[in-house]
Amino acid sequence: AGTKANANVVLIIKLLYQLVELFRAYFGGNCDENLVKKHMVLIYELLDETVDYGQPQILDAELLKQYITQGDRTKALNLNDVKKL
């Protein structure tokens, strides 16, 4: 992570660790180079949702699995179900 101003180093390290945990939650506890190559589109979508303009956003795996689905791996959220929203 690079910046022109002083950065909060602890925030950056915590974000990187939480991203690894998020990827492990999506890939079943395994996160290696081959899985990253195979699921690059999914990782890009996760990064797009979790970091906006350099600021960390939602990093909860269970919440993200409702919105970002990849085949049969997760159940999509039914936006018509008001009780679950």
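The legends below describe several close-up views of one predicted protein model.

Residues are numbered from 1 along each chain as its sequence is written, and side-chain values rest on heavy atoms, with hydrogens and water left out. Because the model is predicted, local features need a pLDDT of at least 70 and side-chain atom pairs count only at pLDDT 80 or more, whereas totals for chains, interfaces and linings use all residues.

**View 1. The whole chain and its elements.** The protein has 4 helices and 2 strands, which follow the pattern α-α-α-β-β-α when read along the sequence; helices (H or I, at least four residues) and strands (E, at least two) are DSSP runs, numbered from the N terminus. The average pLDDT, the predictor's confidence in each residue from 0 to 100, is 79 for the protein, and 78% of the residues score at least 70. Of the 85 residues, 22% are buried, where buried means under 20% relative accessible area, exposed means over 50%, and partly exposed lies in between (1.4 Å probe, protein chains only). The protein exposes about 6800 Å², of which carbon and sulfur atoms supply 52%; accessible areas come from the Shrake-Rupley method with a 1.4 Å probe, and for residues only the protein chains shown count as cover.

**View 2. The largest nonpolar core.** A nonpolar core is a set of buried Ala, Val, Leu, Ile, Met, Phe, Trp, Tyr and Cys residues joined through side-chain atoms within 4.5 Å. The largest one has 14 residues, and those that touch the most other members are Leu 22, Tyr 26, Phe 27 and Leu 46. Two or more residues are given to this core by each of α1, α3 (40-50) and α4 (61-67), and α1 provides the largest share, 5 residues. In soluble globular proteins, nonpolar side chains tend to be buried together.

**View 3. Surroundings of Ile 58.** Ile 58 lies in the loop between β2 and α4 and counts as partly exposed because its relative accessibility is 41%. Leaving aside residues up to four places away in sequence, Ile 58 touches Glu 49, Thr 50, Leu 63 and Leu 64, a contact being heavy atoms within 4.5 Å. The C-alpha atoms of Ile 58 and Leu 46 are separated by 9.7 Å, with the two residues 12 apart along the chain.

**View 4. A nonpolar patch on the surface.** Val 9, Ile 13 and Tyr 17 form a nonpolar patch with about 330 Å² of accessible area together. Patches are made of residues with over 30% relative accessible area and no salt bridge, with like charges joined within 9 Å and nonpolar side chains (Val, Leu, Ile, Met, Phe, Trp, Tyr) within 5 Å. Ile 13 is found in helix α1 and is partly exposed, with a relative accessible area of 42%.

View 5. The structure holds 2 salt bridges, each defined by a side-chain nitrogen of Lys or Arg within 4 Å of a carboxyl oxygen of Asp or Glu. In one, the side chains of Glu 21 and Arg 24 meet at 3.3 Å, N to O; both residues lie in helix α1, 3 residues apart, about one turn of the helix. Glu 21 is partly exposed at 47% relative accessibility, and Arg 24 is partly exposed at 37%. Glu 33 forms a salt bridge with Lys 37, with the closest N and O atoms 3.3 Å apart, and both lie in helix α2 (residues 33-38), 4 residues apart, about one turn of the helix. Glu 33 and Lys 37 are both exposed.
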